[in-house]
Amino acid sequence: MRDIVVIGGGISGLSAAYYIRKLAAGSGTEVNVTLLEEGGRTGGKIRTDFDGGFLVEGGPDSVMASRGRFMELCEELGIWGRVIAPSAQNGGTFIFLDGALKKIPSGMTLMLPTSIGSLAVSDIISYKGKARSAMEVLVPRRTDDLDESVASFVRRRFGAEVYERMAEPIISGIHSGNPEITSTKCTFPLLRKMEAEHRSIIIGMLKSRKGGKKGGAGFVSFDGGMACLVAALEAAVGKPAIRTNSRACRVSVDSGRDGLGRGYHIGMDDGTSIHADAVVFATPAFVTSSLLEGIDRGLASLLAGIPYNTIATVSLAYREDSMPGGAQGAGFLVPRISGMRLAAATWSSSKWAGRAPEGHYLIRCYFSGAYQDGRVAMDNDALVRAAEEDLRTVMGVTARPVLAKVYIWRNGMPHYTLGHDERVASIAAAAAAHGGIFVIGAWKGGAGVPSCISGAYEESRLVVDYISGLEVRK
Ligand SMILES: Cc1cc2nc3c(=O)[nH]c(=O)nc-3n(C[C@H](O)[C@H](O)[C@H](O)COP(=O)(O)OP(=O)(O)OC[C@H]3O[C@@H](n4cnc5c(N)ncnc54)[C@H](O)[C@@H]3O)c2cc1C
């Protein structure tokens, strides 16, 4: 029986614990998996709270269904039936520009006008901006392999107006980082691929539509919120294997109980230590860095080089009669040029069923730390004030909310800056040089929940190969 310890009980760590057990069982390898989580609950950034009949998501509220292994995992866990699509009556998404909410036309891909027809009738950008974006089909492709910032990529292909008025809020929102230094290679690899293959993004999109390739199923959630996924994974991993309130402080090399291969000691904050034949670090990069400091300074310093930004969500609930304009749609984005503090808001109760009791609206405001320009202090009172004031400006809401819930994720989002792929490759190579050390997490192969699941799956295969190898050597 080999001992494998997974440090970190977010979606990456839970998925790793699940896949390691599953893959090991499939290959006839006996493993004992322990998951260590410093907090009192698992799920990490995934946090669903229930308060006064409202279902409030503090972290992710939806998942791109077609990405990675998300659908397979839900099927395996028996929770696909609990997956819900956005409500049919939801009336589109808006963008706050020039003091008004403007409906985003259909045919946008990541807020890029890949259908010129629908953009033509929209008032989001000027005639000059529309003409410039239509010229995208004529812009020559870049032939070098250098990384480019997403801001530069969009401006180069579609023009500055499309960047500032359409693309910027979604890029800085999804990745919570300044698009001027965000890597296109690592955050929007599909755009690079389309440019390389078709020269133009518009042409590439048209061809993929003609070829019957769909953009994939859209965003989905669960009837009981994102916590459904965490609960199902916890049940599959088994409660005895999960140790909450267990903070790992340091990891050191242990010669191994039987002298075969290297083992590791994991020092806990209560002074105890745990032996492991293999350790999976599913913590944020800066935590993994400090845990590995005593084993490999170079690896630790590479991990410490991945920047993180602070982000926050503020969910406010209102009585229906205090919002005469209503909130019919999915929500709205706020470009930086609008000068607001809010980056986006989701009209949660209109977008998803079961988020608010009858007669109420639930609005989730998103504050991005992308620019770190201090537009809003990241503390509870300041965030609620900013959310209320900005909702008054955008939607004319003057009533006080009946519920306010604030979630501040300090250093909560890894920022994939230029050269991120090279940093990750160096980290992976350095980690692989130590038998039995495996590193995963939102910083590595995509910050979205499905990417974390896929990253955990791929690394779990390596873990099981490594453990099986130890058995062969024995
Ligand atoms: C506000 C917000 C909104 C988001 N929205 C979406 C969305 O809509 N869709 C989407 O796909 N993604 C979204 N994301 C991104 C996604 O939620 C995260 O990238 C993902 O959940 C990260 O999972 P993880 O397991 O890698 O890390 P984490 O969730 O950070 O988990 C790491 C875990 O390690 C634990 N830990 C840390 N140090 C130690 C230690 N020393 N010992 C033991 N345990 C330790 C932590 O307590 C934590 O539980 C959002 C993120 C945020 C913050």
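**View 1. Strand β14 is largely enclosed by the rest of the structure, because five of its six residues (263–268) are buried.** Buried means under 20% relative accessible area, with exposed over 50% and partly exposed in between (1.4 Å probe, protein chains only). Helices (H or I, at least four residues) and strands (E, at least two) are DSSP runs, numbered from the N terminus. The model is predicted: local features need pLDDT of at least 70, side-chain atom pairs count only at pLDDT 80 or more, and totals for chains, interfaces and linings use all residues. Residues are numbered from 1 along each chain as its sequence is written, and side-chain values use heavy atoms, leaving out hydrogens and water.

**View 2. Strand β14 pairs with β13 and with β15.** Two strands pair if DSSP finds at least two bridges between them. Strand β13 (residues 248–254) runs antiparallel to β14, with six bridges; Ser252 has His265 of β14 as its bridge partner. Four bridges join β14 to strand β15 (residues 273–276), also in the antiparallel sense. Here Tyr264 is bridged to Ala276 in β15.

**View 3. The hairpin of β14 and β15 has four residues between the strands.** Gly271 in this hairpin takes a positive phi near 90°.

**View 4. Arg423 lies in helix α15 (residues 420–432).** Not counting residues up to four places away in sequence, Arg423 touches Gly305, Ile306, Thr417 and Leu418, where contact means heavy atoms within 4.5 Å. Arg423 and Leu303 are 120 residues apart in sequence, yet their C-alpha atoms are 8.2 Å apart in space.
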